[in-house]
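Visitor: I have a protein model open and would like to learn how to read it. Please take me through it feature by feature.

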Amino acid sequence: METNPYVGTKVGNATVFGAIIMTDPMVAEVLGRDFHKVPQGVNGSATQNAQWRIQNARATIRELPFHTDEWYSLHAPSCPNRPMKGNDRGVAFSHYQIWNDFVKQGEKFSKDAHDTDILVMLEDDAVVTISDVKEVLEREFSSMTTDHVFLGWCYGRRFMPMCTHAYAITRAAATRLVKEFDICYPQAIDAQLKHLADKKVFTWRKP
C-alpha cells in the first residue's frame with residue numbers, strides 16, 4: 001500500500017495544507033520579468049528580483065504554523081483569439097495546478113481527506129504582518145464558514161477583494177474550482193474568481 005506523502009498540519013481543529021508560488025529565476029531571466037508582469041520588490045534585474053522573491057517566500061514560510069510546499073511559477077501564452085496581458089494565464093495556471101493537485105491527492109488518499117481540509121495559497125510577495133499569526137489562523141480556520149477566506153487582499157472595500165497573494169480555500173471549494181475554472185479566461189485570475197463567486201460556485205469572506 002502506498003504511503004500518503006501529502007499530510008496536512010493541524011491548526012486548531014482544521015487540517016491545513018500550504019503552498020507558495022515562487023518566481024523561477026531562469027524564467028525571469030528569459031522573460032525579463034517575474035511571473036506576474038513586471039519586476040517588483042527590488043531595483044535590479046529580473047533575475048535579482050526573482051531571487052529576492054524566493055528569499056521573501058522562504059522567510060514567510062518560516063513564520064507559518066503549517067508545512068508549506070514550494071511550487072515554481074508557470075509561464076503560459078494566451079489562448080488563440082483570447083489575448084491576455086503579461087503572464088496572466090501563467091499566473092492562473094500556477095494557482096490551478098496546485099488546486100488540481102490538492103483535489104487529486106485527496107481522491108487518491110480519500111481515507112485521509114475531508115471536504116473541510118484547508119489549502120492556504122500564497123504568492124512569493126506575500127509578507128506576514130501580524131505577530132500572533134498562529135493564534136489568528138487557528139481562530140480563522142476553526143470557524144471557517146465559507147469556502148474561501150482572503151488572508152490578504154487589495155481593492156474591494158465594498159465588493160469582492162482582488163489579488164491572490166494570500167487566501168485559503170476548502171477542499172470542497174477546490175474541487176468545484178477545478179471543475180468550473182476556464183483556463184483560457186481572457187482576464188486575470190482574480191477577475192475570474194469574482195465571476196465564479198457571482199455564479200455561486202464558492203462563497204467567500206475577508207476577516
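Visitor: Which residue stands opposite Gly18 in S3?

Guide: Thr68 stands opposite Gly18 there. Strands are DSSP runs of E with at least two residues, helices are runs of H or I with at least four, and both are numbered from the N terminus. Two strands count as paired if DSSP finds at least two bridges between them. S2 and strand S3 (residues 68-72) have five bridges and pair in the parallel sense.

Visitor: What kind of model is this, and how are its residues numbered?

Guide: Numbering starts from 1 along each chain as its sequence is written.

Visitor: Where is confidence lowest, and where is it highest?

Guide: The score is pLDDT, the predictor's confidence in each residue, from 0 to 100. Where pLDDT is low, the predicted coordinates should not be read in detail. Here the protein averages 87, and 89% of the residues score at least 70. Helix H1 (residues 25-31) is lowest, at a mean of 74. H5 is highest, at 97.

Visitor: How many helices and strands does the protein have?

Guide: There are six helices and seven strands. Along the sequence they follow the pattern β-β-α-α-β-α-β-α-β-β-α-α-β.

Visitor: What else pairs with S2?

Guide: Take strand S1 (residues 9-11) to begin with. Three bridges join S1 to S2, and the two run antiparallel. Thr9 stands opposite Val16 in S2. Two residues lie between the strands of this hairpin, and Gly12 takes a positive phi near 65°. S4 pairs with S2 as well, in the parallel sense, over six bridges. There, Glu123 in S4 is the bridge partner of Ile21.

Visitor: Which way do the residues of S2 point?

Guide: In a regular strand the side chains alternate between the two faces of the sheet. In S2, Ala14, Val16, Gly18, Ile20 and Met22 point one way. Thr15, Phe17, Ala19 and Ile21 point the other way. Buried means under 20% relative accessible area, exposed means over 50%, and partly exposed lies in between (1.4 Å probe, protein chains only). Nine of the nine residues of S2 are buried, so the strand is largely enclosed by the rest of the structure. For the protein, 51% of the 207 residues count as buried.

Visitor: Which strands are joined to S6?

Guide: Strand S4 (residues 118-123) is joined to S6 by five bridges, and they run antiparallel. Val120 stands opposite Ala168 in S6. Strand S5 (residues 148-150) is joined to S6 by three bridges, also antiparallel. His148 stands opposite Ile169. In S6 (residues 166-170), five of its five residues are buried. Ala166, Ala168 and Thr170 point one way, Tyr167 and Ile169 the other.

Visitor: How many residues are in the largest nonpolar core?

Guide: In soluble globular proteins, nonpolar side chains tend to be buried together. A nonpolar core is a set of buried Ala, Val, Leu, Ile, Met, Phe, Trp, Tyr and Cys residues joined through side-chain atoms within 4.5 Å. The largest has 27 residues. Those with the most contacts inside it are Trp99, Leu119, Met121, Ile169 and Phe202. H3 gives the most to this core, with seven residues. Apart from it lies another core, of 22 residues, among them Met22, Leu64, Ile118 and Phe141.

Visitor: How far apart are the end C-alpha atoms of H3?

Guide: The expected span of a helix is 1.5 Å times one less than its number of residues. Helix H3 (residues 88-108) has 21 residues and should span 30 Å; its end C-alpha atoms are 30 Å apart, which agrees. In H3, 15 of the 21 residues are buried, so it is largely enclosed by the rest of the structure.

Visitor: Is Met84 buried or exposed?

Guide: Met84 is buried, with a relative accessible area of 13%. Its place is in the loop between S3 and H3. Met84 and Pro186 are 102 residues apart along the chain, yet their C-alpha atoms are separated by 5.4 Å.

Notes
This is a predicted model: local features need pLDDT of at least 70, side-chain atom pairs count only at pLDDT 80 or more; totals for chains, interfaces and linings use all residues. Side-chain values use heavy atoms; hydrogens and water are left out.
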